[in-house]
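Trainee: I have a chain open on my screen and would like to talk it through with you. Could we go over it together?

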Amino acid sequence: MTKHYPEHSRKRRPRPNPIRQQRRNEESGSWWPILLLAAVIGAGAGILSNPTGASAWLAKARPVAVSVGLTRVREPQSGDYWAGCNDARAAGTAPIYAGEPGYRSDMDGDSDGIACESHG
Ligand SMILES: [Ca+2]
C-alpha cells in the first residue's frame with residue numbers, strides 16, 4: 001500500500017524542477033544580445049580611449065559636419081569681405097547668415113538670409 005511508503009524517501013533531494021531547468025536555458029539563451037552590446041560598447045570605447053582612433057574618428061567626422069553646414073571652420077569676423085562664395089567657402093566661413101560680417105545679398109542667390117549655403 002502506498003500508505004506504508006517509507007517517509008524518508010520523500011526527503012531525498014528532489015530532481016531538478018523541469019520549469020526551472022527551462023528557465024535557466026532561456027536565460028543562457030538570452031546572453032547573446034548582451035554579448036553583442038558589450039562588443040559594440042567595447043569597440044566604441046576602444047575607439048574613444050585610443051587617442052589615434054579618436055582623432056581619426058574626429059578627422060572623419062569634422063569635414064562631414066562642415067560639409068552639411070553644421071559647423072564652420074571659421075566663424076565670420078568683423079571686417080570680412082568676400083569677393084564671392086568661392087572665397088568664403090575656401091576660408092571655411094560659409095554659410096554666412098544675414099547680419100554676420102561678410103554677408104552680402106548678392107551672395108545670397110535665393111534671398112533667404114543665408115549666403116553661400118550649399119544649395120545657393
Ligand atoms: Ca541663400
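Mentor: What follows is a walk through this chain, which is a predicted model, from its overall layout down to single residues.

Trainee: How many helices and strands does the chain have?

Mentor: The chain has four helices and two strands, and from the N terminus on the elements run α-α-α-α-β-β.

Trainee: And what share of the chain counts as buried?

Mentor: Of the 120 residues, 12% count as buried. As for contacts between residues at least 6 apart in sequence, 18% of them join residues at least 24 apart.

Trainee: Which residues make up the largest nonpolar core, then?

Mentor: That core has 10 residues in all, namely Trp82, Cys85, Ala88, Ala94, Ile96, Tyr103, Met107, Ile114, Ala115 and Cys116. The elements that give two or more residues to this core are α4, at 85-90, and β2, at 114-115.

Trainee: What is Ile96 in contact with, if we skip its neighbours within four places in sequence?

Mentor: With those neighbours left aside, Ile96 is in contact with Pro76, Ala88, Gly102, Tyr103, Ala115 and Cys116. Among these partners, Ala88, Tyr103, Ala115 and Cys116 are members of the core, as is Ile96 itself.

Trainee: Switching to the records, where does UniProt place a domain?

Mentor: An unreviewed UniProt entry places the feature "domain: Excalibur calcium-binding" at residues 81-117. In the model, that span is 16% helix and 11% strand, and its end C-alpha atoms lie 16 Å apart.

Trainee: Now the backbone: which peptide bond is cis?

Mentor: The bond from Ala94 to Pro95 is cis, with omega near 0°, and Pro95 is found in the loop between α4 and β1, the latter at 96-97.

Trainee: Is Ser111 buried or exposed?

Mentor: Ser111, which lies in the loop between β1 and β2, counts as exposed because it has 11 C-beta neighbours inside 10 Å, and the cut-off for exposed is 12 or fewer.

Trainee: And Cys116, buried or exposed?

Mentor: Cys116 is buried, because 24 other C-beta atoms lie within 10 Å, where 20 or more are needed. Cys116 lies in the segment after β2.

Trainee: Last one, where is Arg104, and how far is it from Ile114 in space?

Mentor: Arg104 is also placed in the loop between β1 and β2. From Ile114 it is 10 residues away in sequence and 9.3 Å away in space, C-alpha to C-alpha. Arg104 counts as partly exposed because it has 16 C-beta neighbours inside 10 Å.

Key:
Residues numbered from 1 in each chain as written. Predicted model: local features only at pLDDT ≥ 70, side-chain atom pairs only at ≥ 80, totals over all residues. Core = buried A, V, L, I, M, F, W, Y, C linked by C-beta atoms within 7 Å. Contact = placed C-beta atoms within 7 Å. UniProt positions renumbered as here; feature names shortened; annotations may be inferred.
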